Structure formats: C-alpha cells, structure tokens
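Please find below a colleague's note on the model under review.

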Amino acid sequence: MIKSSLLIITALAGTLALAGCSTASETPADTGSAPAQTASDDQESGPVTADMLVDGTYEISVDSSSSMFRIVHAELTVADGQMTCAMTLGGTGYEKLFMGTSDEAASASDDQCHFFVEGDDGSYTYTVPVASLDEECDCAAFSIRKQKWYDRSLVFESGDLPESAFRSA
C-alpha cells in the first residue's frame, strides 16, 4: 500500500513538473505580447544628453537595479550643458553615493562622493551628476549599517519629460 501510494505521488509530481515546462524558443516576442525591436528603433531612441535639452528642472523617473535602492522622487536639472539629478530614496540606509563601481568608490576620496541632505520629513536626498538619460550607469552606495559599498545600476529615464524640454532640431 505504501509503495503504490509513493509511486502515485511520484508520478503526479513528475506530471506537474512537466506541465510547467516550455520550450526555449517561447519568448514574449513570440507570443505577441511585445513588438519586436529593430536596429533602427535603437538608433532613434539612443541616449539623451544635456545638449539635447532646454535648461530647466524636470521630474523624471529613475530605474534602479536593486529594490534596496528605491528612488521615490527625482528631479533632473539641466543647466549650462550639464545635468544633475536630486534623488530621494525610500530609506535612510546609505551615507553616500559614488557615480561608478564599488571598486572605484573604495579608492575614491570623500570629495568625489555625494552625501545625502536630510529632508524635513527625514528622507535622504542625493544630488548626482548625470551623463545621459536612457542609458545604464554605475552607482555605488555606501551602507551605513554594513560600512560597505554596494554596486547599483541606474537608468535616468527621459520618458516623463515634456516635449517642451527637448530642443528643436
């Protein structure tokens, strides 16, 4: 009785495991859920640089590679051919940021780092330089508790910018 029950359970588990399998060729593009991207799309939607934008301050979105580094508010400032972003994080665990990798940050001096400014509500806001929008960049964050640098990847996104933010061709 126990052997036959065990055999039935094993067969059922194997059937359930196979039911969730799919072939490697099935991707979201194959199912029609996302349009296929072409090389010309990539060329048209390249990175956005300061010389392409009108001077001003704009709310933007910033995508982070880590849920432990959640940006809840970001303002991009474009002035004199340069861009900076004031990012407010969802937590208060990081003392400083470095725009580069954790290895580079470990050998950098404090004057190359970007320290937080504490808001009236206790939030931490860091102002960092931005080379371009819509392009991944390295950002190292120094944990207050762990006293250690962590690598993060950020993408400052141009999608929320109004049309008036772009210089006419």
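The points that follow go from the overall fold to the aromatic rings and the backbone.

1. Overall composition. The model is predicted. Its protein chain contains 3 helices and 10 strands. In sequence order these elements follow the pattern α-α-β-β-β-β-β-α-β-β-β-β-β.

2. Burial and surface. Of the 169 residues in the protein chain, 30% are buried. The accessible surface of the protein chain amounts to about 11000 Å², and carbon and sulfur atoms contribute 53% of that area.

3. Contacts along the chain. Among contacts in the protein chain with a separation of 6 or more, 60% are made by residues 24 or more positions apart.

4. The open sheet. An open sheet is formed by 5 strands, arranged in the order E2-E10-E9-E5-E6 with antiparallel pairing. Its edge strands are E2 (61–64) and E6, each of which pairs on one side only. In general, strands of a sheet pair through backbone hydrogen bonds, either parallel or antiparallel.

5. The pairing of E5 with E6. Strand E5 (residues 94–98) pairs with E6 in the antiparallel sense, over 2 bridges. Within this pairing, Lys96 has Phe115 in E6 as its bridge partner.

6. Lys96 and the ring of Phe142. What does the charged end of Lys96 sit over? The charged end of Lys96 is placed over the ring of Phe142, at 5.0 Å from the ring centre. Lys96 therefore deserves attention on two counts, since its charge meets the cut-off of 6 Å from NZ to the ring centre, while its bridge partner in E6 is Phe115.

7. Aromatic pairs. The structure holds 4 aromatic pairs. One of them joins Phe116 and Tyr126 in an edge-to-face arrangement, with 6.2 Å from centre to centre and 75 degrees between the planes. This pair links distant parts of the chain, 10 residues apart: Phe116 lies in the loop between strand E6 (114–115) and strand E7 (117–118), and Tyr126 lies in strand E8 (residues 124–130).

8. Are the two residues buried or exposed? Phe116 counts as partly exposed because its relative accessibility is 26%. Tyr126 is buried because its relative accessible area is 0%.

9. Phe142 and Trp149. A further aromatic pair is formed by Phe142 and Trp149, again edge-to-face. The centres of these rings are 5.2 Å apart, and the planes make an angle of 65 degrees. Both Phe142 and Trp149 are buried. Phe142 also carries the charged end of Lys96 over its ring.

10. A ring cluster. Which residues do ring pairs link into a cluster? The cluster consists of Phe116, Tyr124 and Tyr126.

11. Positive phi at Asp80. Most residues other than glycine have a negative phi. Asp80 has a positive phi, near 55 degrees, and is not a glycine. Asp80 is located in the loop between strand E3 (71–79) and strand E4 (82–89). Asp80 counts as exposed because its relative accessibility reaches 72%.

12. Positive phi at Asp134. Asp134, likewise not a glycine, has a positive phi of about 65 degrees. Asp134 is found in the loop between E8 and strand E9 (136–143). With a relative accessible area of 32%, Asp134 is classed as partly exposed.

Conventions
Residues numbered from 1 in each chain as written. Predicted model: local features only at pLDDT ≥ 70, side-chain atom pairs only at ≥ 80, totals over all residues. Heavy atoms only, no water. Phe/Tyr/Trp six-rings, centres within 6.5 Å; stacked < 30°, edge-to-face > 60°. Helix = DSSP H or I, 4+ residues; strand = E, 2+ residues; numbered from the N terminus. Buried < 20%, exposed > 50% of the residue type's maximum accessible area, 1.4 Å probe, protein only. Lys NZ or Arg CZ within 6 Å of the ring centre and 35° of its normal. Pairing = 2+ DSSP bridges. Contact = heavy atoms within 4.5 Å. Areas by Shrake-Rupley, 256 points an atom, 1.4 Å probe, with all protein chains shown as cover.
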